[in-house]
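Here is a short tour for anyone who likes to read a model residue by residue. Please have a look at the sequence and the structure, and then let us walk through some of the details together.

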Amino acid sequence: MVISVLDCTLRDGGYINQWQFGNKNISYILKNLVDAEVDIIECGYITAKTDYVDGSSQYDSVDRISQFIPANRKKSMFVGMINYNEYTLENLPICDNSSVDGIRVTFHKKDMQKALKYCDEISKKGYKVFVQPMVSVSYSDDEFLELIRGINLLNPYAVYLVDSFGVMKRKDLLRLFYLIDHNLSSDIKVGYHSHNNLQLAYSNAQSLVDLKIKRDLIIDSSVFGMGRGAGNLNTELFIEYLNENNDSQYKQKPILQIIDEVLNNIYLTNYWGYSLPHYISATHNCHPNYASYLAEKNTLTIEDISNILENISLEKKNGFDKDYMDSLYKTYQSIQENTIESIIELEKAFRDKNIVIIASGSSINKNTAEIKHETEKNNTVTIAINFIPDHITPDYIFVGNLRRFKEVYGKTQAKIIVTSNIHVPTNNVKIVRYIDLINDEEAVSDNSGLMFIKLMILLKANKVSLAGFDGYSYDSLSNYSVEDLAFIKSNETVDLLNGGIHKVIKEFSKQIPVQFITKSKYELEEVGK
């Protein structure tokens, strides 16, 4: 196995300074990477998307790059990157070894077949082709195998595992690597391009090196880890690892000179490296620019950023859409403003009150008189959870999901409280923050009844009296006061729900007095079936 290092400082690092390194620094970086004996050096982007600016590492032609490549290339190979369909191949000359030796082509999954044909055209012009499917982890096994079959027909120089969003853990990387290694032609190299959102770029690269397989590998890195957001694998760290563990002979001094002479100055005014927003973007498996955009607002907590990223639709995750994110941001901010107003009003309504909470258990049909007796007491507020009771008139209805909201809205005189995960097209409701009301018990973390009890704790109510909190039985149709509310649940699910609700109510009872008006499994020390 031969392990090669590909340095992408001038290309991926360019996201930090809009590729404005300056001609002198571009030449200096390339010369020093050659002196460090880095195997493959990426000079930057080749693109027609923007006009060429002097001193930029975004070039309008391969000829433009040739002026920066050292006369003595030593053992280094030089490459440029083209985003699929951002450069007309009629403008790409036949490779004559005066400029770059290879072209790296990135593409999204939706463009896979067209991109492979694009790569084939580049290969016919004599360039070594690097096939780079962005967000590799988004491919299913079948889709990845389809890609590999197409690559085998193309027979490029290398194919990459691209961790575009820095989300790959070791198990994800090795799953894809073994899939590609066992199905890719043996003479095609496999590359790994990482981002460091989860701080796993270095350890993942080591994991590939330590496999000691027969196939040749290429590992991407950048000097000082320079790259968008959390940055990339550090060239200086990785070549040291290879020197110590792979009998490599890379030179460290020229790399350190790049940091000292060029990158330190950029770093002082354009920080890159680990950040909570980019960690959050990785956990939501979305483009890191979404997190950057929200962080730069300076109006959001990390929790807020996470809440907004949670709402990104699947088809929007892989590419940054500023207008789309701005819409999500404004919607979220509007909800936040409404929740503040709602909490102020609800605190006045519930503070120091005795609260009767009516859930939809069948026991409320048999105990209407007892429930009414409690609701008619002084200083009492009555709330139904997710439904309109037949024989009891609540002051409020608390709704925790959109389906139930549609069932109750406009059909009752009661005021309605909804959780903020429900995007309702009306101002005639009170909105409370979903994230503030969930609990840590997975099976029932957003159970509506438990969420409302937690809200009463937060609003400092006197006590809560529960009706219709019967507990689930295996006969799903007997669980509800209204048959239309019934859901069929497996016995295993019933046990998880009962155990979870019992545990959470027991914890809540340490913070607010809890009384059961109707018979409930949750009154017992241990929950039965």
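## A buried charged network

R11 counts as buried, at 4% relative accessibility; here buried means under 20% relative accessible area, exposed over 50%, and partly exposed in between (1.4 Å probe, protein chains only). The side chain of R11 meets that of D12 in a salt bridge of 3.2 Å, N to O. By salt bridge we mean a side-chain nitrogen of Lys or Arg within 4 Å of a carboxyl oxygen of Asp or Glu. D12 is buried too, with a relative accessible area of 1%. This is a predicted model, in which local features need pLDDT of at least 70, side-chain atom pairs count only at pLDDT 80 or more, and totals for chains, interfaces and linings use all residues. Residues are numbered from 1 along each chain as its sequence is written, and side-chain values use heavy atoms, with hydrogens and water left out.

Which residue forms a salt bridge with R104? The partner is D220, and the closest N and O atoms are 2.9 Å apart. R104 lies in strand 5 (residues 102–107) and D220 in strand 9 (residues 217–221), so this pair ties together parts that are 116 residues apart in sequence. Strands (E, at least two residues) and helices (H or I, at least four) are DSSP runs, numbered from the N terminus. R104 is buried with a relative accessible area of 0%, and D220 is buried at 2%.

The structure holds 29 salt bridges. Another of them pairs E121 with K124, the closest N and O atoms being 3.8 Å apart. Both residues sit in helix 5 (residues 112–124), three residues apart, which is about one turn of the helix. E121 counts as partly exposed at 38% relative accessibility, whereas K124 counts as exposed at 59%. Elsewhere, salt bridges with shared partners join R11, D12, E42, R104 and D220 into one network.

K128 has its place in strand 6 (residues 128–133) and is partly exposed, with a relative accessible area of 35%. K128 and R104 are 24 residues apart in sequence and 8.4 Å apart in space, C-alpha to C-alpha. Leaving aside neighbours within four places in sequence, K128 is in contact with M77, D101, G102, I103 and Y157, where contact means heavy atoms within 4.5 Å.

Is S4 buried or exposed? At 12% relative accessibility, S4 counts as buried. S4 is found in strand 1 (residues 3–7). Not counting residues up to four places away in sequence, S4 touches D39, I40, L217, I218, I219 and Y250.

## Parallel strands

In strand 12 (residues 396–399), Y396 and F398 point one way, I397 and V399 point the other way, and all are buried. Strand 11 runs parallel to strand 12, and three bridges join them; two strands pair if DSSP finds at least two bridges between them. I385 stands opposite F398 in strand 12.

Four bridges link strand 12 to strand 13 (residues 415–419), and these two strands run parallel as well. Here V399 stands opposite V418 in strand 13. Strand 13 is mostly covered, with four of its five residues buried.

Which residues of helix 16 (residues 368–375) are buried? They are T368, I371, E374 and T375. Seen down the helix axis, these buried residues fall within an arc of 125°, so they line one face of helix 16; the arc is that of the directions from the helix axis to the C-beta atoms.

The buried residues of helix 16 pack against strand 10 (354–358), helix 15 (363–366), strand 11 (380–385), strand 15 (463–467) and strand 16 (514–516). The face turned away from the buried side carries the exposed residues A369 and H373.

Y274, L276, Y279 and I302 make a nonpolar surface patch of about 340 Å². Patches are made of residues with over 30% relative accessible area and no salt bridge: like charges are joined within 9 Å, and nonpolar side chains (Val, Leu, Ile, Met, Phe, Trp, Tyr) within 5 Å. Accessible areas come from the Shrake-Rupley method with a 1.4 Å probe, and for residues only the protein chains shown count as cover. Y279 lies in helix 11 (residues 276–283) and is partly exposed, with a relative accessible area of 33%.
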